[in-house]
Every structure is written in structure tokens, then in C-alpha cells.
Amino acid sequence: MISRPFVAFGLFSIALVSIAVFAGGCRQSADPNAVEILNVSYDPTRELYKEFNRVFAEHWARQSGQTLDVRMSHGGSGKQARSVIDGLEADVVTLALAYDVDAIRRKAGLMPKDWQSRLPNNSAPYTSTIVFLVRKGNPRGIKDWNDLVKPDVSVITPNPKTSGGARWNYLAAWGYVLKRELGDLAELHDPNSADAVAKANEKAREFIKEVFQHVKVLDTGARGSTMTFVQRGIGDVLLAWENEAFLSIHELGPDKFEIVVPSISILAEPSVAVVDKVAERHGTRAVAEAYLKHLYSSEGQALAAKHYYRPRDAEGVPEEYMKRFPDVELFTVRDVFGGWEKAQAEHFDDGGVFDQIYKP
Amino acid sequence: MNLKQHSVLPGFGLTMGFTLFYLGLIVLLPLAGLLLKSATISWDQFYAAVTDPQVAASYKITFGASLVAASVNAVFGLAVAWVLVRYSFPGKNIVDAMVDLPFAMPTAVSGIALTALYAPNGWIGRWLAPLGIEVAYTQLGIMVALTFIGLPFVVRTLQPALEDLDVEIEEAAASLGASRRQIFTRVIFPTILPALLTGFALAFARALGEYGSVVFISGNLPMKTQIVPLLIMTKLEQYNYAEAAAIAVVALGASFVVLLFINLVQWWSRRYATA
């Protein structure tokens, strides 16, 4: 009974291995006029880069005559950064937050310290923010951050420890309380209001703790949370990237969900960078740089807007895309939290604020 | 060496040398790497890392759920193996092959499939929800996933043992006046107990390390439904390799103790069975 399947399985795996070896061998004998780069990205950019890669390949063929093949790798932002640190040969990275790109610099030294100033807008060609996705008709009446802690409201967000998107969610909620308590976020930089700031931070901590008491499922990544909310029907409100929320509505029909834009949110700046050491080894620096620069072109910006990312420059972006993005007060991590490194150490590292709110 | 003269395989020295080399390469080398990594932090840090309340809670959840899942499989896996060995029915080969499916499925696929079934809007979950039974996103969900992936281990280790069990022995016991219950508890059970324990141990060990299927169904809440492998992943995610290794070392040590204990029981039961 047992031996036949095993023999079959053995033959099957031998076949698989030989296919893999064969396919691997084939890639070596590529056309000299062909060039290949690997873009290591995070979860919700699948659709954007699928289209952008095609458009850029045409652009690059016109410009240089080379046929370009852009390979993609998607996953949780932190995990992707770790793969690159551990040796995944990415020519460019397009991750969810500057902290993850910077980790590649700190841990593996694959790029210079000034990587973020090499491209305009802190190397973030498009931005996004955090919004709420609620069920059609908004049955729980969720309008703003403070509605998340109403009794019986169940909130879905990924785990900030494993998901870049979740960290934006968390910081956006924290910033909301600071704004509510201080009236103006500029107070944060006023030495005279240190007491008020400390008090506001204390309130923010209590609020975050309360929000996470309303969280029933902590998925490891943003896509997982979207699936939990959309397909499993769990929760009343999903804290999501604006682009991810639009995508869910677009894919599943506006008759099931709607987007609620809170009074204030965070400016999420997904960062892009050439991985210098890898690109130099592959001889792909020119194409990798052109690839990222093209994200800033009006063609790139229009594509970003089409895929629900907020473009940096609305010039040349069709009006039908621009009108999707409601006006909302946005603050940056640098202004409110003093940068990612500080925010990470204070809130998300082991023993940080996030761990403390789960202390029994 | 007495064995040398009677062994059909030539060259005890060669085969033994290869065995040690192979085990060293496949098993001991990665384990040594793990220990070395965890040794890069001080003893105090090590202790603090593994006794953190979140870590302690996840040890309890993982070991508890794995034990429950392996026990459930031991009982129902025995029934499945019994039916597959003792009876013949149309489609038996298909049923037999189905037992291996949890082996073959990518664990993430199993996790997503189980979550889709047991979520409150899923095929099974919607009937359980009105009864107040929540499976997905609770500890019960973890047990369901671990039971799913552990079943083949119990069935596949029990099948050969049951095949070896002659029906004549049962007939002999019956002719000597044993009741059906006595036949099971005195004749059948002691004979298959070693195999059952092996299956249990394998299912348990597999469940301890399971990540892919559980993270989808468990909800991953710290202190409630966060399993050890997920916690290790989170530490890795923060580039905290040493603490991740520390947590893994303790989990590994604990499972080694459990497996050793099961082996001792097995050794004891074998002696008991032959005595």
C-alpha cells in the first residue's frame, strides 16, 4: 500500500528537480541584448508594478534597444527587507517604509547612507495614507478614530510587529490622539508645552491599548487582514492602506464596502532605492536608476494614481484618478515621531509600547 | 562486532561512517548553528527572552494545542487505520490515498482552506456560530489545523502494525473465552501500542513546529492565540536572531524531553507486550 505512492513520489520529485536544473541552465544562455532586474516589493503593489513594468520595458526598449525583463517579489515589507539582507539579489527595492530600506543599509551595507536623498521627495515617488474600510451603509456609524473604541466594534489590523502597513495604522491612531489633545501638532516641537505633550502621549497610549482590545484577529500582513475582513466577514472596520481599501472596493463591488476617511491620518511614504552593491555586480545600475526615476515621470505618476497611490505631482495625471483622493489632514512620521528609527525603537521593538499593551 | 558477520549490507565501517556524516550534516549542523546563535546573548538575556509573559503564554498554547491534536489523532487515526486494514470496500484505495493529502498540501493552502470553512461565514462555521462555538481565530482553530496536518502520521505508522496483527490471535483469544472488550484491551491494544505511540510522537512533533497553516486560522493574538513559531518569526522580522534562537532552543529542548519520554514509555510497553 505504502510503497507505490512513495516510488511515484520519488520519480515525481526527480522530475521536478531536473526541470528546475534545466530551467536554471536555460537562463544563463540569454540574449546579450536582454537585461533582467529584480524588484523586491511589498504586498499591495502587485497590480501597480505589473502594469508599470510593462510600460517601463517599452520605454527602456525605445531608449536603449534592450529588452528588459523585470522580475517581482512580493511579501510583507519587513520580511522582504530581511530576504535582501540575507542575500536575495534585488537590483531595486520598493518597500512599505523607509525603515525597512534603511535596515538593508544598516545590516548589509548594500547602499550608501544618503540613499534617501538620491531621489526626490525622500525617495518616495507616491504616497498613501491610512483609511477605514467599513461594511456597506456603515452600520456601526464609524466616522473617525475615536469610533474604533465604541463598545462592540471589532477592528481588523495586521500585527505591527510583522507588518509595515500595521505600523502606519498604529502611528496614525497615535497621531490622532496627539492632535485631539494638543489641538495643533506643532505643539510637539514647542519646548514650553513638554508637559502637555507628555500627557497627550499618555492618552495616546491608553487609546492604542483600547483599540487593540477591539482587535480579534492580528494577521501577519496587510493582505491577510484584507482577506479576513473582506472574505471571512470578520470585523466592523478594517484599518487599511488607502490603495488597498480602494482595490478591495474595486474588486468586490462598491455594494459591499465603503471607505471612511478619518479627520486626520498619516502620510505613508513607501520608499524606493537602488541596491547599489547588487546592481553594480549585475551591471544593471543604469537600468535600475532609470526604472525608479520613471516612477516620477508623468507616466509613472499617472499609473500610481490609477492604482490608487497618491501621486507626488498631479500634473499630467488624469482628473478621473485625482478626484478619488479626498482631502485629509496628513502628518509625517518625521514631524510627529521624530523619524522611523525612533518610532520603531519606542513602539515596536521588543519590550516597546506595543508589547506593553499586551502585558497581562 | 557480531553484527558485521551477519549483516547483508557490506562494510559496517563504511555505512556507520556515512550514517554519522549524514546525520551530522542534515541534523546536527543546523542545530549547532542554532545553539551557537543563541549563545551570542548572555544567560540573563536568554532567561529574560524565554520567560517573557508573551513567550511563556505561546509555549503553553503551542504545547497544549499540539498535545490535544496528537491525542485526537491517536484516537481517530486508530479508527481510520483499523478500517483501512481490516475491511475492504469500494473506493478503499482512494480513501487510503486521501490520508496522505495533509502531507502533500502546502500548509498555507490548508490553513486558508480551513479558515474559509470555519470562519463565522464559512460552510461549517456558519452552523457553529449560532451555537456559540467559534473555531477560527481561537485556540480551537489552532487545534483543528494541527489535527489536520497530524493525521497521516498516526494512520501511516499504525497501518503496518495492524497488518501484522493476525486475526487468528483474536480468534484464539475468543475461543479461550475472552470478551470483545478483553480482546481489545488485552490482546490488540498492547500489540499496537508502540506503533500508536510512535504515531502520536510524530504528530506531536510535527504540530510543535507547524507555522504555515496555523497563522491563518489562529488570529495571532498575543497571550491568546500566538504560537511559538510565529513569535520566532516576529523576532526574526526585527533582526533579533539571537532571541529567536533562544526561544527555539527552549522549544526544541522541551520537545526533546517529551519525545524521549514517549520513547521510554514505548520501550516499556514493548517489554510489557513481549513479557
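## Where chains A and B meet

In this predicted model, one salt bridge is counted between chain A and chain B. A salt bridge between B:Lys235 and A:Asp350 has its closest N and O atoms 2.8 Å apart.

How many residues does each chain bring to the contact? Chain A supplies 33 residues and chain B supplies 30 residues. Together the two chains bury about 2600 Å², and carbon and sulfur atoms give 56% of that area.

Let us now look inside chain A. Domain 1 of chain A covers residues 31–123 + 271–320, while domain 2 of chain A covers 130–267 + 327–357.

## Where chains A and B meet

In this predicted model, one salt bridge is counted between chain A and chain B. B:Lys235 and A:Asp350 form a salt bridge, and their closest N and O atoms are 2.8 Å apart.

How many residues does each chain bring to the contact? Chain A supplies 33 residues and chain B supplies 30 residues. Together the two chains bury about 2600 Å², and carbon and sulfur atoms give 56% of that area.

Let us now look inside chain A.

Between them, domain 1 and domain 2 of chain A bury about 1700 Å², with 55% of it on carbon and sulfur atoms. Which residues of domain 1 of chain A lose the most area to domain 2 of chain A? They are A:Tyr99, A:Tyr308 and A:Arg310, which together make up 40% of what that side buries. Three salt bridges are counted between the two domains of chain A. Elsewhere in the list of charged pairs, A:Glu47 and A:Arg223 meet through their side chains in a salt bridge (3.5 Å, N to O).

## Strands side by side in chain A

Six of its eight residues are buried, so strand 1 of chain A is largely enclosed by the rest of the structure. From strand 1 of chain A the chain crosses through helix 2 (residues 46–64) to strand 2 of chain A, and this β-α-β crossover is right-handed. Strands 1 and 2 (residues 67–73) of chain A pair in the parallel sense, over seven bridges. Across from A:Asn39 stands A:Met72, in strand 2 of chain A.

Strand 1 of chain A also pairs with strand 3 (residues 92–95) of chain A, in the parallel sense and over three bridges. Here A:Val40 has A:Val93 of strand 3 of chain A as its bridge partner.

Is the pairing of strand 3 and strand 10 of chain A parallel or antiparallel? Strands 3 and 10 of chain A run antiparallel and are joined by four bridges. In strand 10 (residues 271–274) of chain A, both faces are covered. A:Ser271 and A:Ala273 are buried on one side, and A:Val272 and A:Val274 are buried on the other.

## The two domains of chain B

Chain B is divided too, into domain 1 (11–39) and domain 2 (41–274). Taken over C-alpha atoms, the centres of these domains of chain B are separated by 27 Å. Their contact joins six residues of domain 1 of chain B with nine residues of domain 2 of chain B.

The two domains of chain B bury about 570 Å² between them, 76% of it on carbon and sulfur atoms. B:Leu34, B:Lys37 and B:Ser38 supply 76% of the area that domain 1 of chain B buries against domain 2 of chain B, more than any other three residues. Zero salt bridges are found across this interface of chain B.

Conventions. Residues are numbered from 1 along each chain as its sequence is written. Chains are lettered from A and ligands numbered from 1 in the order in which they are written. This is a predicted model: local features need pLDDT of at least 70, side-chain atom pairs count only at pLDDT 80 or more; totals for chains, interfaces and linings use all residues. Side-chain values use heavy atoms; hydrogens and water are left out. Buried means under 20% relative accessible area, exposed over 50%, partly exposed in between (1.4 Å probe, protein chains only). Helices (H or I, at least four residues) and strands (E, at least two) are DSSP runs, numbered from the N terminus. Two strands pair if DSSP finds at least two bridges between them. A crossover is right-handed if, with the strands pointing away from the viewer, the path from the first strand over the helix to the second runs clockwise. Domain bounds come from an automatic or database domain assignment. Buried area is the accessible area (1.4 Å probe) that two parts lose on being put together, summed over both. A salt bridge is a side-chain nitrogen of Lys or Arg within 4 Å of a carboxyl oxygen of Asp or Glu. Contact means heavy atoms within 4.5 Å.
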